[in-house]
Amino acid sequence: MPEVGDADFDKEVLASELPVLVEFTADWCPPCRQMAPVLSALAAEEGERLKVVQLDVDHNPETTNAYKVLSMPTFMVFQGGEPVKSMVGARPKRRLLEELADVL
């Protein structure tokens with residue numbers, strides 16, 4: 001899973017042609033680790049229509065605070081440089097796809 005940070009968030013996420021699903025994650029977060037295979041599968045299946053990246057909240061406080069992320073994992077979808085959807089907590093792939101249907 002590609003990682004983004006404070007330094008390249010604008011370029012990789014906000015300036016992306018595709019919608020971007022950002023997982024705000026942390027090494028110490030068990031539900032975040034549970035989501036890794038789900039997000040990898042999603043990236044493989046929807047790579048033409050959706051970019052999937054991770055941002056480590058502990059190493060990137062600027063971006064984390066800018067979007068007021070308080071719980072891990074938080075998923076945010078960015079489209080056209082703006083956050084258009086936010087979801088908190090681990091979820092099965094089927095439910096994640098349902099929640100992303102309007103941006104895919």
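These legends go with a set of close-up views of one predicted model. Residues are numbered from 1 along each chain as its sequence is written, and side-chain values use heavy atoms, with hydrogens and water left out. Because the model is predicted, local features need pLDDT of at least 70 and side-chain atom pairs count only at pLDDT 80 or more, while totals for chains, interfaces and linings use all residues.

**View 1. The sheet has five strands in the order E1-E3-E2-E4-E5.**
It is an open sheet with mixed pairing. Strands here are DSSP runs of E with at least two residues, helices are runs of H or I with at least four, and both are numbered from the N terminus. Two strands count as paired if DSSP finds at least two bridges between them. E1 (residues 3–4) runs parallel to E3 over two bridges, and Val4 has Leu55 as its bridge partner in E3. At the other end of the order, E4 and E5 are antiparallel and share six bridges; there, Gln79 sits opposite Glu82 in E5. E1 and E5 (82–88) are the edge strands, each with a single partner, so one side of each has no neighbour in the sheet.

**View 2. Strand E2 is mostly covered, with six of its six residues buried.**
Buried means under 20% relative accessible area, exposed means over 50%, and partly exposed is in between (1.4 Å probe, protein chains only). In a regular strand the side chains alternate between the two faces of the sheet. Here Val20, Val22 and Phe24 point one way, while Leu21, Glu23 and Thr25 point the other way. With E3, E2 runs parallel over six bridges: Val22 partners Val53, and Glu23 stands opposite Gln54. With E4, E2 pairs antiparallel over five bridges, and Val20 has Phe78 as its partner there. E3 is largely enclosed by the rest of the structure, because five of its six residues are buried.

**View 3. Val22 belongs to the residues with the most contacts inside the largest nonpolar core.**
A nonpolar core is a set of buried Ala, Val, Leu, Ile, Met, Phe, Trp, Tyr and Cys residues joined through side-chain atoms within 4.5 Å. This one has 16 residues, and Phe9, Val13, Phe24 and Met72 are also among those with the most contacts inside it. H1 (9–14), E2 (20–25), E3 (51–56) and E4 (74–79) each give two or more residues, with the largest share, three residues, coming from E2. Contact means heavy atoms within 4.5 Å. Leaving out neighbours within four places in sequence, Val22 is in contact with Phe9, Val13, Val53, Leu55, Thr74, Phe75, Met76 and Phe78. There's also a second, separate core of 13 residues, including Met35, Val52, Met87 and Leu100.

E2, H2 (residues 30–46) and E3 make up a right-handed β-α-β unit; right-handed means that, with the strands pointing away from the viewer, the path from the first strand over the helix to the second runs clockwise.

**View 4. Val77, in strand E4, is buried at 0% relative accessibility.**
Among the residues that Val77 touches, not counting those up to four places away in sequence, are Pro19, Leu21, Val84, Met87, Leu100 and Val103. Val77 and Leu100 are 23 residues apart along the chain, with their C-alpha atoms 8.4 Å apart.

**View 5. Cys29 and Cys32 form a disulfide.**
The cut-off is a pair of cysteine sulfur atoms within 2.5 Å; this pair is 2.2 Å apart. The link is right-handed, with 80 degrees about the S-S bond. Cys29 is buried at 2%, and Cys32 is buried at 2% too. A search of the whole structure finds one disulfide.

**View 6. The loop between H3 and E4 holds Lys68 and Pro73.**
Most residues other than glycine have a negative phi, and most peptide bonds are trans. Lys68 has a positive phi, near 50 degrees, and is exposed at 67% relative accessible area. Met72 and Pro73 are joined by a cis peptide bond, with omega about -10 degrees.
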